[in-house]
Amino acid sequence: MPDRDVLAWPFFEPEHRAWAAEVDAFAQGLPAHGEDIDRATIAITHALGEAGLLRTAVPEDGGLSVRHLCLARDILARRDGLADFAFAMAGLGTAAITLFGSPSLKAEVLPAVRRGEALAAFALSEPEAGSDVAAITTSAIRDGGRTWRINGEKTWISNGGIASVYVVFARTGEAPGARSLSAFVVPASAPGLTVAERITVAAPHPLARLRFADVRVPANHCLGAPGEGFKIAMTVLDHFRPTVGAAALGFARRAFELSLARATTRRVFGGLLFDHQMTQDALASMATEIDAAALLVYRAAWLKDTTAQRISREASMAKLFATEAAQRAADHCVQLHGGSGVVSGSRPEVLWREVRALRVYEGASEIQKLIIARAERDRALGGTGRVAAA
Ligand code: COS
């Protein structure tokens, strides 16, 4: 459960508090998972689906509630990074379909993912196009009137290798840059789609590089209109970046809990670790940054849910601050645990590794800064073409 104080904030309605209690009950009952990450991810996804919790990640009525997503990630990440991952991927992997899919595509793909019986993935990054989405070279060419033919490579694809459906972004026009990308729904079983490599990362989760060699998909598997792919990707990321901040918040809360428990029980120099001002400095910084991160995350989520406006600036601030603060919290946690904090598999060490990737994926911290700075410039320009001096 996020701190009860948070749930009393004006960002939330009674339905959000009920949801938080439901997710918390699920998280409390989560069994420890084994070493086989593919199997564990599939099992947790299944359990989330069976419990009905994927109804917010893959909603039936079309609207994604960012507050529900953030609360779930905050709670799940505090308990188990892989549970957070499984929940997030059901949402990220299908969000483009939820937001832009035709009724028939939604009916074809979403129910099985909502039940936790099928896994989905968001295939945007490429070996030569990570931060620079507009540099994508995977191509989709019309093959007669009824089919698209996709060629290229995608990498760092979460759920890659175990997903049954991929949302794939590819270039469909001659124009360079952002204007000629399109998004396609590609079943994992499509001939020509292969897993080129499984990738092992610091905090293990299913990840792969995918190869597309003359993969054919029907014309109606294109999401939105051809050429709208970049905006679809960015709209999905506007919804999900605050949720990455929420996961970071969950990890930071866990780091704080462990740190406080350690500081108030570990004896040093004839007293408690807590008695030292440097320990109090670390705890005070962590607590303050956790609240600041929560305010930014739930501000962005509330804004997305309650207004029609683009929230790129607020989403980026939430992700940037929460993930960087969580890394500092995890690092303090390791430090306060001394030697036991760097033992492989210890909770502080696992947390430290788990947080690291959040500062990279769905837009590295540097990309979030770029988005925030551009938004500030555009607000200051106010249509005049010049930033007014104070
Ligand atoms: N929602 C809707 N439209 C958006 C948008 C958003 N959030 N952000 C940008 N757009 C639109 C712009 O308005 C612009 O439209 P027009 O051409 O009609 O004016 C178009 O998309 C291009 O935008 P921009 O010029 O900002 O694109 P850039 O190529 O400069 O790229 C960044 C912008 C760097 C922000 C983008 O590439 C990005 O987010 N990169 C990180 C990618 C990422 O998160 N990767 C991880 C993959 S998932 S693990």
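Helix 7 (229–263) contributes the most to the shell around the ligand, with 6 residues; helices here are DSSP runs of H or I of at least four residues, and strands are E runs of at least two, numbered from the N terminus. The model is predicted, and local features need pLDDT of at least 70, side-chain atom pairs count only at pLDDT 80 or more, and totals for chains, interfaces and linings use all residues. Residues are numbered from 1 along each chain as its sequence is written, and side-chain values use heavy atoms, with hydrogens and water left out.

In total, 22 residues surround the ligand, and the closest are Ser131, Arg179, Asp238, Arg241 and Gly363; a residue is near a molecule if one of its heavy atoms lies within 4 Å of it. Domain 2 (120–227) and domain 3 (231–380) both supply residues to this shell, so the ligand lies between them; the domain bounds come from an automatic or database domain assignment.

A polar side-chain atom of Ser312 lies 3.0 Å from a nitrogen atom of the ligand, and a polar side-chain atom of Arg310 lies 3.3 Å from a nitrogen atom of the ligand. Taken alone the ligand exposes 1000 Å², of which the protein buries 73%; accessible areas come from the Shrake-Rupley method with a 1.4 Å probe.

Aromatic rings provide a second theme. Rings of Phe, Tyr and Trp (its six-membered ring) pair if their centres lie within 6.5 Å, with planes under 30 degrees apart counted as stacked, over 60 as edge-to-face and the rest as tilted. By this rule the count comes to 5 aromatic pairs. The ring centres of Phe11 and Trp302 are 5.8 Å apart and their planes lie at 50°, so the pair is tilted. Because Phe11 lies in the loop between helix 1 (4–7) and helix 2 (14–28) and Trp302 in helix 8 (residues 277–306), the pair ties together parts that are 291 residues apart in sequence. Phe11 is buried, with a relative accessible area of 13%, whereas Trp302, at 32%, counts as partly exposed; buried means under 20% relative accessible area, exposed over 50%, and partly exposed in between (1.4 Å probe, protein chains only).

Most residues other than glycine have a negative phi. Asn159, however, has a positive phi near 70° and is buried at 2% relative accessibility.

Notes: Polar contact = N/O pair within 3.5 Å; in protein donor to acceptor, adjacent residues only side chain to side chain.
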